[in-house]
Amino acid sequence: MKKILYLLAVLATAQLSAQDAPKKEKGHYDTNRFSQMYDLMATPNGYRTASGAPGPDYYQQQADYKMDIELDDKNTKLYGAETITYHNNAPEDLEYLWVQLDQNRRSRTSQSPLAENQHIGKAYKADNFSRSFMEEGFDGGFKIEYVKDASGKPLRYVVNETMMRIDLPQPLKSGETVSFSIKWWYNINNYRKIGGRSGYEHFDKDGNNLYVIAQFYPRMAVYNDVEGWQNMQFWGAGEFALPFGNFEVNITVPADHVMEATGELSNREDVFTREQVKRYEQATKSFDKPVVIVTQQEAEAAEKGFSDKKKTWKYKAVNVRDFAFSTSRKFIYDAMAVQLSGKTAMAVSLYPKESNPLWGDRSTRVVAHTIKTYSKYTFDYPYPKAVSVSAEDQGMEYPMICWNYGRPDANGFVSERIKYGMTSVIIHEVGHNFFPMIVNSDERQWTWMDEGLNTFLEYLTEQEFEKDYPSHRGPAAKIVPYMSGDQNFLVPIMTNSELIYQFGSNAYAKPATGLNMLREVVMGHELFDYAFKTYANRWKFKHPTPEDFFRTMEDASAVDLDWFWRGWFYSTDYVDIGIEDVKEFYVTDDKPEGMEDYSVRKGRFGRDNGPFVYMVDEKSKKTKKAEDIKLLKNYIDDNFTAAEKAQLKKPSYFYEVTFNKPGDMLMPILVRLTFEDGTTEDYKFPVQIWRKNNQTAARVFATEKQVKKIEVDPELLTADIDVTNNSWPKEEVQSKFDQFEGK
Amino acid sequence: MLAGLLTAAMAHKYYVAVFLVEHAPAKKQLQITARVFVDDLDAALSKKYDRELYLATKKEASGIDDYLAAYFSEKIKIKVNGSEKAISFLGHEIEDDVLIGYFTVEAKGKLKDLEIKNTLLFESFPDQQNIINTNINSNKKSLLLTNDSPTGNLQF
């Protein structure tokens, strides 16, 4: 044996030296798309473990707020004073604190508009021209009156756009607490004219404003083990990163306003009539339908009043990351109780008469359905209430309260689009209570972590709300137009919030669809739901990172998903799996030409020279049904009992199918065989079929009936962007255009 | 926040329409599908014609395809090998919140040069982006047309 090897080596060398310049292949790094994610994921540590759970050293900061707020309705100004108590739970000391001043995005010196590209329009309406070229613009932004320490001494601070650094006289030691006070005011924006996630809507007919107030106070930035201070500026796309804390907030508004806010109202008797308090008590016991607490009649009377008197509403909120409120004379108010598995919560809606009857019929019921359904997939909704406020053009979330669009038009008409749009936006924004209000991810960095997960649960919640609910996002087939778009306009999901092209598709639809495909195709409901729930429970009231999510989904399921995260979240790869070739084979015991000397290895040293059952690729007189081949028949007679024989398959048709993969995204192969009699058989080959060869894979199908058609992904579950290569024999797939023309 | 669902202009809504242009040499035409958010288009058309059209609702104005044909023809200008060709609008379908418009443009012989000006919705939404995907002579190329650069040119 050694001699032969030596001879071969000499021959090979001789051959090589005969060539002029021997071509040497270059080596390469691991390019397999199953590679484990060590190259892209952060290294686990004591703060965040390799299992995806908070580690033994995990900490988070806490910021508690006591605030007195007053609304000047006539002049649309908001005045506030707050005392922030900041707990440094980090193991290190802090020399300074960063506070977020989100309103400064609208200040006259804001950099935000300067960072936008501009161009001349062909024609302008007079108001638009005036606003664009003549007016100084809205005077927004926080007007800070003071920043003081606990003893009333001024603290040094520096404002850098939407961030304010407070310089501490001495470092805040690990484990210690500091209190300081800020007083401020600002002009509230009319969000329907100049945009914004908060502000007011003006009703010309009756002269009233409907306020949806948020980002209204200087808010602590997040300090943690992954970002240090999260003080990336607020440019407009990347939303918020906020620490948890407890709030006591007193809000003074005109006496004829009706309000809702984050937290529990502690002076209900002072702000509602005795009759309204009684109705509220009824609502806390009404689990099947909402109870109207402030009626349309009462709201219509109030909106004519313009009271000069004031009332103060007092709220307390425990363990929330933010605070928001909504107030107006125009509000109708209804509520119902929601039974969760271990507790009850209130579902509440506030809306002006312009929103009825749509809102009275629908909003609170949708809120109740949403917190029930989300609780099932995550954890019992921990807050005492969830409020949906009717605010035109809005869709924005805060703890316990959110603003939602969708009203009948001026003629009272409600299209299906508005009805389902309003329902979906309520599900979505109420759903945000779970992600990111409780599972508190960093939106400034990663929009998808809350929007993607929330859009996924929104889809499940819509489908459970009504059979065949027209969901826009979730099913795999709906992401195909986006995934098949030009690569120049695609970025990975793992892209910072400010840098995303096609925001809605990238940060909402694609991650939601990815999770839906994991659930439907890769993991199955049971493994997926358990892992998803584990992530939600591990990170509720904490601050997770993308890796914490990716790792938990694997850790709780024993499904290696590195290939999925790599392809779907870290790249713009798309799914395209096709059938490259199908070879049909038949069985014979007649030795085919060229097989005369064929033998197979037998044991370690022997060879078996047959006879064999032969597979031939052409049907002839000599091909038989497997059961008619004597050699096989004898074997079966010798080795199986009559009962066992009855269980054996009787294959007559053999197909070797080669699959190819023009798309780089890996995916299990879903195959459907359709037989001559119209019956079908479905197969699913796990994604690992691609593990040593990412480009092609082959499978053999042995069937009793002749196969008429073979299809890949017949139910469009994998977001395969090109279905023209999905069937054998090749079917002419009509383009969208041809289908339309053919109608 | 919500994305892509709003009914009127807002600072943080994302306006994107996607067009697919394919060459059908046998039919001597370009076949074009336009995917546009219904609510954006409804708002733009209602503004342009100064009446509520209730696009894709049961109260939809009659002859809606005439409005769409006129609007698409006004906003999309296509030059095939240097000469401008008229758009012939075939009709539309609704898929979820998206209107799919179908139209053709004459394109005889080999297609070498394609110029597309697409200002659809630009007058209503300054941030509107129109993405043009093309599949011509088995070549996939794309354009991103915005208010800043509403015209693009592709060579095949």
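Visitor: What makes both faces of strand 9 of chain A count as covered?

Guide: Look at who points where in this predicted model. N208(A), L210(A) and V212(A) sit on one side, with N209(A), Y211(A) and I213(A) on the other, and all are buried. A residue is called buried if 20 or more other C-beta atoms lie within 10 Å of its own. Residues on each side pass that test, so both faces are covered.

Visitor: Why are strand 8 and strand 9 of chain A said to pair?

Guide: Pairing needs at least two bridges between the strands. Strand 8 (residues 199-203) and strand 9 of chain A have five, in the antiparallel sense, so they pair. Y200(A), for instance, stands opposite Y211(A) in strand 9 of chain A. The two strands form a hairpin with four residues between them, and G207(A) in the turn has a positive phi of about 80°.

Visitor: What makes strand 18 of chain A a partner of strand 9 of chain A?

Guide: Strand 18 (residues 325-328) of chain A is joined to strand 9 of chain A by four bridges, running antiparallel. At least two are needed, so this counts as a pair too. Here Y211(A) turns up again, opposite T327(A) in strand 18 of chain A.

Visitor: Which residues touch the most other members of the largest nonpolar core?

Guide: That core has 159 residues, and A347(A), I371(A) and A386(A) touch the most other members. Helix 12 (residues 503-522) of chain A gives the most to this core, with nine residues. At least three residues come from each of domain 1 (59-243) and domain 3 (653-742) of chain A.

Visitor: How do you know what A347(A) is in contact with?

Guide: Contact asks for C-beta atoms within 7 Å. Leaving aside neighbours within four places in sequence, the contacts of A347(A) include V338(A), V367(A), I371(A) and A386(A).

Visitor: What is in the second, separate core?

Guide: That one has 44 residues, among them A17(B), L20(B), V36(B) and V80(B).

Visitor: And how many residues does each chain bring to the contact?

Guide: Chain A brings 34 residues and chain B brings 35 residues. Helix 8 of chain A gives the most to the side of chain A that touches chain B, with five residues. By class, that side has eleven nonpolar, 15 polar and eight charged residues.

Key: Residues are numbered from 1 along each chain as its sequence is written. Chains are lettered from A and ligands numbered from 1 in the order in which they are written. This is a predicted model: local features need pLDDT of at least 70, side-chain atom pairs count only at pLDDT 80 or more; totals for chains, interfaces and linings use all residues. A nonpolar core is a set of buried Ala, Val, Leu, Ile, Met, Phe, Trp, Tyr and Cys residues joined through C-beta atoms within 7 Å. A residue is buried if 20 or more other C-beta atoms lie within 10 Å of its own, exposed if 12 or fewer, and partly exposed in between; C-beta atoms are placed from the backbone. Domain bounds come from an automatic or database domain assignment. Two residues are in contact if their C-beta atoms, placed from the backbone, lie within 7 Å. Ala, Val, Leu, Ile, Met, Phe, Trp, Tyr, Cys and Pro count as nonpolar, Asp, Glu, Lys and Arg as charged, and the others, Gly among them, as polar.
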